[in-house]
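Before reading on, please look over the sequence and the model together. The notes below are meant to be read slowly, with the structure open beside them.

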Amino acid sequence: RGMPSTRRDGAARLPLFTSARRGEDVWTLARSDPQHTVRRMFEVRIHGRGGQGVVTAAELLSVAAFDEGRHAQAFPSFGSERTGAPVVAFCRIADREIRVREPVVLPDAVVVQDATLLNQVDVFAGLKPEGYVLVNSPLTVSQLGLDDLDDGSRRMMTIPATEIAREHIGRPVTNLVMLGGLAAFTGLIHLPALLSAMQKPFPGL
């Protein structure tokens, strides 16, 4: 079910990775400094429960990246995917071919689609020091008891994705809302590309 690492021929546009703290487009910086972060991958790990579209979220993220001319890879963890059981999916995005095929153990971003997992699974394992955390919850980071995780370098945000999905889509498709939040939060993907990727499996959005 994973997407192979690939890239469209003739893609001239540089990928866009934006630092939420400094507001710098690191890909633009890389033009003047070839040794800058242009060669690094951005790795995302998505946690949720069976039936919440965790694997679909990773696939849609990779499709959006591919449509923007980047290399992308998405695949789920192996194991039970029964409804309600914890599920993990991974996505890697880079400006060149992705050769690694292992699960993401040192994510740049962690997306948690179900906040009940915070007390059940170590969703933040391996999160990089300046990584992004996005949790589906109407509560704040402090109210979720995540202050100890925030050491001042990590970027953390909660979003009431379930409520937003019900209000604007008419059903609790939290994965789509969380992807939009991830795009806005990190600058990883342009929203038009993400919306285009979503409209293929979810026409009428």
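What follows is a short briefing on one helix residue and on several charged pairs.

The model is predicted, and the values quoted here are computed from it. The structure holds 6 salt bridges, among them the pairs Arg49 with Asp114, Glu97 with Arg99 and Lys128 with Asp108.

- Ala58 belongs to helix 2, which covers residues 54-67, and it counts as buried because its relative accessibility is 1%, whereas the cut-off for buried is under 20%.
- Leaving aside residues up to four places away in sequence, Ala58 touches Ile46, Ala74, Ala89, Phe90 and Cys91.
- For one of these contacts, Cys91, the position along the chain is 33 residues from Ala58, and yet the C-alpha atoms of the two residues are separated by 5.5 Å.

**The pair Arg49 and Asp114**

- The side chains of Arg49 and Asp114 form a salt bridge, with a distance of 3.4 Å from N to O.
- This pair links distant parts of the chain, since Arg49 is in strand 1 (residues 42-49) while Asp114 is in the loop between strand 4 (109-112) and strand 5 (132-136), 65 residues apart.
- Arg49 is buried, with a relative accessible area of 14%, and Asp114 also counts as buried, at 14% relative accessibility.

**The pair Glu97 and Arg99**

- Glu97 and Arg99 are joined by a salt bridge in which the closest N and O atoms are 3.5 Å apart.
- Glu97 is partly exposed, with a relative accessible area of 45%, whereas Arg99 counts as exposed, at 67% relative accessibility.

- Lys128 lies in the loop between strand 4 and strand 5, and Asp108 lies in the loop between strand 3 (86-94) and strand 4, so the pair ties together parts of the chain that are 20 residues apart in sequence.
- Of the two partners, Lys128 is partly exposed, with a relative accessible area of 25%, while Asp108 counts as buried, at 5% relative accessibility.
- Through salt bridges that share partners, Glu43, Arg92, Asp108 and Lys128 are joined into one network.

Terms used:
Residues numbered from 1 in each chain as written. Predicted model: local features only at pLDDT ≥ 70, side-chain atom pairs only at ≥ 80, totals over all residues. Heavy atoms only, no water. Helix = DSSP H or I, 4+ residues; strand = E, 2+ residues; numbered from the N terminus. Buried < 20%, exposed > 50% of the residue type's maximum accessible area, 1.4 Å probe, protein only. Contact = heavy atoms within 4.5 Å. Salt bridge = Lys/Arg side-chain N within 4 Å of Asp/Glu carboxyl O.
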